[in-house]
Amino acid sequence: MRTLLVVAGVLGIALAPAPPRETAGPAEYPIKAVALTDVQVTDAFWAPRIATNRTVTIPHIIAENEKTGRVDNFRKAARTLQGPYQGQRYNDTDVYKIIEAASWSLAKYPDPALDRTLDELIAIVAAAQEPDGYIYTPRTVDPATPAAGAGPERWSWLHTSHELYDQGHLYEAAVAYFQATGKRTLLQVAIKSADLVCRTFGPNGRRDVPGHEEIELALVKLARVTGDRKYLDEAKFFLDERGRRHGVEHPTFEPGSRFFMYNDLAYRQDETPVTAQLQAVGHAVRATYLYSAMTDAATLLDDPAYARAVRALFADVTSKRMYVTGGLGSEGRTEAFGPDYVLPNRAYAETCASVGGILWYHRLFLREGRADAIDTLERTLYNGYLSGVSLAGNTFFYQNPLVSNGTLQRSEYFDVACCPANLSRLMAQLPGLIYAQQPGIVYVNLFVGSSARVYEAGKVIRISQATNYPWQGEVHMTVRPERQMDFTLALRIPSWAQGRPVISDLYRYAAPRYAPPVLRVNGAVVPIALTDGYARVRRRWKKGDVVDLSLPMPVQRVLAHDGVAEDRGKAALQRGPIVYCLEAIDNGGSVSTIRLPLDAATAHAFRSDLLNGVETITLTTGDRTVVAIPYYAWNNRGKGEMAVWVPY
Ligand code: FUB
Ligand code: ZN
């Protein structure tokens, strides 16, 4: 039962009957993720991180939510506790997101104590729901004095209130909890809320859109799980409705007000219809959630205008607006995408934007089967996402800059605490990102020590990977079909292994020479001819067939497009998928004056004693040796200067 319930893994694909079809076209993604419950991660790099997420991060966030009044807000809304609403108007989501993280974790690792904690939390949440389905504690606690920015009445200030954003995270949590445990408690709360939303908003009802996207992709998940098409239509309504400049009739916020930025329609992606938004603008987290839902709409509703838009947006983001770490968002004040090539290294690169990017790229892959989406996912995962959490798992970055003057450090929690639980829910779903499948094709997307069960033509294929990735590029795979079977094994050949650090001209290697990847099947070399970025091996597979992929990983100096003003005359270091940085502690206490000629001799070595085990790079210039560590691992030894881009 449990396996069946999480068949969808990352995307929460249908368990219940498919929604009735009113439009022509595919009703689901052509490619399916191999469910997280069908994948065992044994990897030296990821398994400990998934365990830390389970044993440290999730309990830590649950405790912080209690400590900071986030759970009490639900008790107050249910009148089991007296007192005013505490905190920001989107704090309900921190409770929903950690329920989601814990649910995905439970799906893989049964834990009766965590199960009980979730049951208790869910009972507290459910009690806060008003009889007609409305659930938003910033208002329910004291409707006469709602939290700042919530608006005077229900749904009155959608551009600032996060009311619908909150519902979205509730639905995602409910779907995860149902899929992980089979329990419908939270799903019932979500359905009641979504029914109210559907009764309130629509072509024949109130026409408005959330200032912060999220509910759209969540409604799609709810449609899958319940089999009720109306939630999918409601998601499409919210998407189609954008661009009608909602909320401008409300009193505008004065410059200097903390809500001033909400006046800006581009900031909240409501300036033009979404199918005409071919350039990424506005708040980066909102944007990635929007693009994820647009990818769902393009696919589930077979809408070519949406399909064109998401492809154009992907090209735009990856060629003009992405940090070398995969981070998104360069504007600090508005947490937004900047103009073309404006990528200052003080950056914003919110952890949530990396999470949102990963969710979007994964959908793009499932829709199109192209490796460029996974190349981008991988870059984000190992760099701008992973930097969001300390090695210990209990402190977090909200912003992920590429330079530090030594004042930054991770925090235990935040007033605006969206990032920690977002990071955690993604980590819990990581096993579901490794493999994917469509009839006749099994995709190996990430190189992670693991074993997976894949169902093909009613038979089981077992695939395992053994590897020291990301430190070494050798991947040893074993294929064990239940019986001899014809199918294609599609192995992603990362762009970084083909002389291109990224899939656009935004970054390039200073010396684009590279040794080509080598593929062997049962010891015999197989020529690599790429289709959509995959080496495809079609054959009659039998139990015990062995596939060896070797991806050479020289140290590379990376240069940015000349349009990126701040990176002119500078280079970054990359080896395999890992972007490196210089940290003061390894380099005599300061890195701001270091210069590294492009021809400085480089060496690399694994240091098991450092930062839970990392491959370090050393560069020798004159009589000085400079040490670089993986960017994700910085700030785990106290404060200090850090730089990714170093003058040459
Ligand atoms: O808008 C409030 C929070 O800010 C959201 O949860 C995140 O997207 C963050 O940027
Ligand atoms: Zn965040």
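Q: In which strand of this predicted model does Thr478 lie?
A: The model is a predicted one, and its protein chain comes to 16 helices and 23 strands. Among these elements, the one that holds Thr478 is strand β8.

Q: Is Thr478 buried or exposed?
A: A residue counts as buried under 20% relative accessible area and as exposed over 50%. Thr478 has a relative accessible area of 10%, so Thr478 is buried.

Q: Which residue in β15 is the bridge partner of Thr478?
A: Strand β8, residues 474-481, pairs with strand β15, residues 545-550, in the antiparallel sense over 6 bridges. Leaving aside neighbours within four places in sequence, Thr478 is in contact with Arg462, Ile463, Ser464, Gly544 and Asp545. Across the pairing, the bridge partner of Thr478 in β15 is Val546.

Q: Which strands are the edge strands of the open sheet of 7 strands?
A: The order of this open sheet is β2-β6-β7-β8-β15-β11-β12, and the pairing is antiparallel. An edge strand here pairs on one side only, and this holds for β2 (39-41) and β12 (524-525).

Q: Which residues make up the covered face of strand β11?
A: In a regular strand the side chains alternate between the two faces of the sheet. In strand β11, residues 518-521, the uncovered face has Val518 and Arg520, whereas the covered face has Leu519 and Val521.

Q: Which residue in β15 does Leu519 stand opposite?
A: Strands β11 and β15 pair in the antiparallel sense, and the pairing runs over 4 bridges. Within this pairing, the residue of β15 that Leu519 stands opposite is Leu549.

Q: Which residue takes a positive phi in the hairpin of β11 and β12?
A: The strands β11 and β12 run antiparallel and are joined by 2 bridges, and Arg520 stands opposite Val525 in β12. Between the two strands of the hairpin there are 2 residues, and the residue with a positive phi, near 50°, is Asn522.

Q: What is the order of the open sheet of 6 strands, and which strands stand at its edges?
A: This open sheet has mixed pairing, and its order is β1-β4-β5-β9-β14-β13. Two of its strands have a single partner strand each, so one side of each is left without a neighbour in the sheet; these edge strands are β1 (32-33) and β13 (530-531).

Q: Which residue in β14 is the bridge partner of Met485?
A: Strand β9, residues 485-492, and strand β14, residues 534-541, run antiparallel and are joined by 8 bridges. In this pairing, the partner of Met485 is Trp541.

Q: What separation lies between the C-alpha atoms of Pro494 and Tyr534?
A: Pro494 lies in the loop between β9 and β10 (507-509), and at 0% relative accessibility Pro494 counts as buried. Not counting residues up to four places away in sequence, Pro494 touches Asp375, Glu378, Phe447, Tyr469 and Leu551. Along the chain Pro494 and Tyr534 are 40 residues apart, while their C-alpha atoms are separated by 8.5 Å.

Q: What separation lies between the C-alpha atoms of Glu241 and Asp208?
A: The place of Glu241 is in helix α11, residues 229-241, and at 2% relative accessibility Glu241 counts as buried. Its contacts, leaving aside neighbours within four places in sequence, are Arg207, Asp208, Val209, His246 and Asp270. Although Glu241 and Asp208 are 33 residues apart along the chain, their C-alpha atoms are separated by 7.1 Å.

Q: What relative accessible area does Asn91 have?
A: Asn91 lies in the loop between α3 (70-77) and α4 (92-108). Not counting residues up to four places away in sequence, Asn91 touches Arg70, Tyr85, Gln86 and Asp415. Asn91 is buried, and its relative accessible area is 1%.

Q: What radius of gyration does the protein chain have?
A: The C-alpha atoms of the protein chain fill a box of roughly 70 × 60 × 50 Å along the principal axes, and 64% of the 648 residues count as buried. Among contacts between residues at least 6 apart in sequence, 71% join residues at least 24 apart. A compact globule with 648 residues would have a radius of gyration near 26 Å, and the value for the protein chain, which agrees, is 24 Å.

Key:
Residues are numbered from 1 along each chain as its sequence is written. Chains are lettered from A and ligands numbered from 1 in the order in which they are written. This is a predicted model: local features need pLDDT of at least 70, side-chain atom pairs count only at pLDDT 80 or more; totals for chains, interfaces and linings use all residues. Side-chain values use heavy atoms; hydrogens and water are left out. The radius of gyration is taken over C-alpha atoms; the globule rule is 2.2 Å times the number of residues to the power 0.38. Buried means under 20% relative accessible area, exposed over 50%, partly exposed in between (1.4 Å probe, protein chains only). Contact means heavy atoms within 4.5 Å. Two strands pair if DSSP finds at least two bridges between them.
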